[in-house]
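Please read it with the sequence and the structure open beside you.

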Amino acid sequence: MHWKLSLCAVALTAIGCGGGTSTAPGDSSLATAAQEQVVVEMDLNGDEQPDIVTLDTTELPYKIVDVLQGTATGEPIDASDFHRGARLDGEISRAIADYLADSFGVQTRTEIDCDNESGEPVTVVVME
Amino acid sequence: MRILVALLALCAFTFAQSVASVTPECASPGDRILIDGEDFGEEPTVTIGGTSVEVIRHTATKILVEIPEDLAAGEATVDVDGATISMEVLEANAPLVLHQSASTATAGQAIILIGRRLRNATVELRDAEGTAVFMTDLRGRRRAGFFKISDDIATGSYDLVVVGGAEGNPESCARKLEIVAAGDATIDEATPAAQTPGRAIRFHGTDLGPLGLCRVAWTDEDGATLRRIGIANGYNKVYSRVPFQATPGATYSIVITFNDGSTTEAGGEFKYEVGNFAAPMIVSLNPSTGPAGDLVRIAGTGLFAGREIPKVEFTQGDVAVQARVYAGFVALGDRNDNLIVLVPGDLADGDYDVTVTAGDQVSNAEVFTVETPALTVTSMTPTRQSARGPRRPVVIKGSGFGPIADIIFKAPPAVSGANAVFRPIDWKLSVTWDDGQGGDPLEGTILTKNDSRIVVLTPGGWRNPLAVGTYTVRVTRDPGTDSEETVEAGTFTVQ
C-alpha cells in the first residue's frame, strides 16, 4: 500500500504536479504552523476509544502536539499536557507521511490501515 | 489561418474547464482550499478575489491552492482559467471548523469540533432569528475541541458558530446542528459479531442513555439470564463484555437497563449469537531462551477460553511438564492476549515445545530453549580489608548468578492481581571466605544481587570481622536442579 503511494508521489513529481511536501509562501506563522500539523483519530492509549490526536509533521517520526482522549461517556478529556512531545510510532508516522505526500484532502476523513512497529494492525483516520 | 482557428476551437472544447465546488466553502487567508471540477488541463491558472495564487498540486479534476494572505474578508470569486465559483473569505484569525462529530444530537450530548484556530473560542447555538440560545466555552486546543450541549435546550434546528478569542472575536461559518428529543432506547447492532465469552463487545443504537453505568441482561432460549455491567455513552454506544458463563454458539436476547430505569425493551428485541472459541495461537515467546526458573511472556490470540486458566506445557520428546501461570490478560480489540509463566524449575538444558491449551484446544508449538548461563566471575572489589572490619561491601561481577527476567505487568491481568511485578525463582547463591586451614568456609551476607552482580558483606561484618589472614573467595550457585556449581572469585586479604 505504502509503496504504491510512494510510487504515485514519484510519478506526480516527475510530471510536474508537485508531489512531495508542499510549500506555503507568504504564510503567517500561525498558518504555517497549521500546515505542519495534522489531526488524526486513533486509539492512542489502547482503551478501544478513539482519541483525537494533533501531530507535528515537521520531522519523522511525528511528535504528539495535543490529545483529546476519547472516553466511554462520549465526553473527551484534554490529555494534551500528558502526551505532548511524545514520539508517535515510527511505522504509523511513515504511513501517514506517505498518504499526506499526495493528499488533496481538505475537510476529508481518510482511513489508513498500517502495521505499527510491533507488527500489529492499526487503523488511523486522517482528518484534514 | 482556418486550421489555426479550428485547432484553437478544438483546444477550447477539449479543455473547457468547469468548477463544481470549493471545499471548505469559507476559509481564512492562509488556509488551503480544494477546487473540484472537470478538465483543468496541464497548467491551470487560478485567481481568488482577483489575486493570482500558486497551485500546490492538481489533477484534471482537483486543484489544491491556498487563499492569499492579503485578501479581505467577504465574498470572493475563485477563477480557474475563466470558470468561476464564489466562496466566503473569513477574517484572518477566524476559527475554521472542518469536522463536527454529529449534526444531529440530543440535549446533554458532547460534540467534538476539528479545524483550525479553535483555542480559547466559544460556541454559540443560534436560532432562526440569529439569537444565541446557548453559549459555552470550547474546551480543547487549537486544532480540536469539544463542548457539551445544555440539558435544557429545546429541540429544533440551530446554527453552530464558533467565536474566536482573537481580537475582534472573528466568527466561523455557521454549521447546522439539529437537536432532537431522546426517543426509545434501541440496539441496532453489536460489534464484533460472534464475540466469545469474556471478551469486549460494543452495542450500537439510538438513545442509549443516560450516560454512565448500565446493566446488560443476556437471556437464553430457556429463559436463564446472565448479567454484565456496561457503560453507556449517553446517546449511541454501550461498552460491555460477553458474560464469561455464556455458552459459545448460543443465541441470547439482550436488554440494557440504564441508571434512570429506562430499558431497550421498548425499542424492539435484539438477539446476539455468542461465538465459538477459536484455537489458541502463540505469536511470540519473550524471552525465547533462558534458564529454568525464569519467567516468559507468551503473546498470542485466543489464549483464554472463558474464565478457565489456560494450561501451558513445556514438552521435550514424550515428556510434558506443566508450567505455572503467574498472570495473564485478555486483550482488547486486535491486540494479543498475554500470559506470564514460570519455566519449570526442574527442566534440564535443551529445546522445549511450548503449547497453550485453552478450553479443549491446543495451540501451535513455539520453541523455548532452556539454557543455564555459565557461572563466571570477572572482578571482585575490594580485595582487602583491615582487621577492624570492612569499609564497604564487596562487589563481585560476572554472569550466571540467577534468572534474568523481571516482568512488570501494567495491564490489568485477568488471572492475577493488577499492576504486579513478577520475579523468577530465586536461585540459591552463596559467597564464602576460606582461610585454607581446613575448617568450614565462612559465608558472607548477600545484600543485593542480579544475574551479573553480587553485593556481599564479608563474614562477621563490623561486629565480628574476619581475622587477619588470606582467604579464597568462592561463589556457589544451586539452581535447584542438582547441579550445584562453584567458581573462585579471587583472593581476599585481611591485614
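Which residues do ring pairs link into a cluster? They are Phe203(B), Trp218(B), Tyr252(B), Phe270(B) and Tyr272(B). Rings of Phe, Tyr and Trp (its six-membered ring) are taken as a pair if their centres lie within 6.5 Å, and planes under 30 degrees apart count as stacked, over 60 as edge-to-face and the rest as tilted.

The model is predicted, so that local features need pLDDT of at least 70 and side-chain atom pairs count only at pLDDT 80 or more, whereas totals for chains, interfaces and linings use all residues. Residues are numbered from 1 along each chain as its sequence is written, chains are lettered from A and ligands numbered from 1 in the order in which they are written, and side-chain values use heavy atoms, with hydrogens and water left out.

**Aromatic pairs**

Over all chains, the structure holds six aromatic pairs.

**Salt bridges**

A salt bridge is a side-chain nitrogen of Lys or Arg within 4 Å of a carboxyl oxygen of Asp or Glu, and the whole structure has 20 of them over all chains.

| Salt bridge | N to O distance |
|---|---|
| Arg141(B) and Asp81(A) | 3.6 Å |
| Arg141(B) and Asp78(A) | 2.8 Å |
| Lys176(B) and Asp159(B) | 2.7 Å |
| Glu313(B) and Lys311(B) | 3.9 Å |

The salt bridge of Lys176(B) with Asp159(B) links distant parts of the chain, from strand β18 (residues 175-179) to strand β17 (residues 156-163) of chain B, 17 residues apart. Lys176(B) is exposed at 53% relative accessibility, whereas Asp159(B) is partly exposed at 23%. Glu313(B) is buried at 19%, while Lys311(B) is partly exposed at 34%.

**The sheet**

Strands β17 and β18 also belong to an open sheet of five strands in chain B, with the order β11-β18-β17-β13-β14 and mixed pairing. Since β11 (104-105) and β14 (132-137) stand at the edges with a single partner strand each, one side of each is left without a neighbour in the sheet. Two bridges join β11(B) to β18(B), and these strands run parallel; two strands pair if DSSP finds at least two bridges between them.

**Between the chains**

In chain B, 47 residues are in contact (heavy atoms within 4.5 Å) with 48 residues of chain A. Across this interface there are four salt bridges. What network includes Arg141(B)? Salt bridges link Arg141(B) with Asp66(A), Asp78(A), Asp81(A) and Arg84(A) in a network. Arg141(B) is buried at 11% relative accessibility, but Asp81(A) is exposed at 61%.

Key
Buried means under 20% relative accessible area, exposed over 50%, partly exposed in between (1.4 Å probe, protein chains only). Helices (H or I, at least four residues) and strands (E, at least two) are DSSP runs, numbered from the N terminus.
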